[in-house]
Amino acid sequence: LGFNKSLYPTNDPGSIWWVVDKHRPLPPGYEPSDLTIPNIPVRPTKTSLVERRVSQKIIPDLEAMVAAAAHDGARLQLASGYRSYALQVSMYKQNIKRFGQTEADNVSAKPGTSEHQTGFALDIGAMSRECEVQACFAGTPEGKWLAEHAYEYGFIIRYPEGKRAATGYDFEPWHLRYVGRDLAAELHLTGQTPEEFFGL
Ligand SMILES: [Zn+2]
């Protein structure tokens, strides 16, 4: 029996298989109706730009993953969960100012195309804050634990190394996307991005 690729829609807001990227924007003004603060450590911050909420749909597996990681000595904390359209506007503008348009587009989403707006994506880091939101996070104990185990809890490393042609983004070992345990396991096994797997 093969994997049923049409179990959930990939183009419906709220579907855990919903694929959002540069070519597949969110509906204007989209906001999940079930945003909730998970019971996991959160990065301390002085700015109001960090959102702690995520969709309720991902919370049981998120909390289980962070607890399992801690049990293995990998101390994870949430850096950023849901982002509203308005918040993405201000972050994108900051990135253009810092990096210029081309690089801003490689490292951040145009407003209305950010997976963070779905409530199913999060940036996660080490409590040590080593290599926070940097590619070298992949080499930390926490980054290694996520690469090895996140799929067991339904999460994928959404922007893997060397997949910019498929995803539109550079390697982001800290950016996780919830797709449920079955699809996450399948993507882990095949080494494919959602775009590749679904032939989008
Ligand atoms: Zn992210």
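Modeller: Buried means under 20% relative accessible area, exposed over 50%, and partly exposed in between, with a 1.4 Å probe and protein chains only. This is a predicted model, where local features need pLDDT of at least 70, side-chain atom pairs count only at pLDDT 80 or more, and totals for chains, interfaces and linings use all residues. Residues are numbered from 1 along each chain as its sequence is written, and side-chain values use heavy atoms, with hydrogens and water left out.

Colleague: Is His175 buried or exposed?

Modeller: The cut-off for buried is under 20%. His175 has 3% relative accessibility, so His175 counts as buried.

Colleague: Which residues are the protein donors of the zinc ion?

Modeller: Donors are N, O and S atoms within 2.8 Å of the metal (3.2 Å for Na, K and Ca); water is not among the atoms, so sites may look incomplete. Three protein atoms lie 2.0 to 2.1 Å from the zinc ion: NE2 of His116, OD of Asp123 and ND1 of His175. The residues are therefore His116, Asp123 and His175.

Colleague: How many residues apart in sequence are the parts that Asp123 and His175 tie together?

Modeller: The zinc donors follow the spacing H-x6-D-x51-H along the chain. Asp123 lies in strand 4 (residues 121-126) and His175 in strand 6 (residues 172-178), so the pair ties together parts 52 residues apart. Strands (E, at least two residues) and helices (H or I, at least four) are DSSP runs, numbered from the N terminus.

Colleague: What distance separates the end C-alpha atoms of helix 2, residues 85-99?

Modeller: The expected span is 1.5 Å times one less than the number of residues. Helix 2 has 15 residues, so it should span 21 Å. The model agrees: its end C-alpha atoms are apart by 21 Å.

Colleague: Which residues does the face of helix 2 turned away from its buried side carry, among the exposed ones?

Modeller: Leu87, Gln88, Tyr92 and Asn95 are buried in helix 2. They cover an arc of only 130° around the axis (taken from the directions from the helix axis to the C-beta atoms), which puts them on the same side of helix 2. The face turned away carries the exposed Ala86, Lys93 and Lys97.

Colleague: What arc do the buried residues of helix 6 cover?

Modeller: In helix 6 (residues 181-190), the buried residues are Leu183, Ala184 and Leu187. They sit on the same side of helix 6, because their arc around the axis is only 100°.
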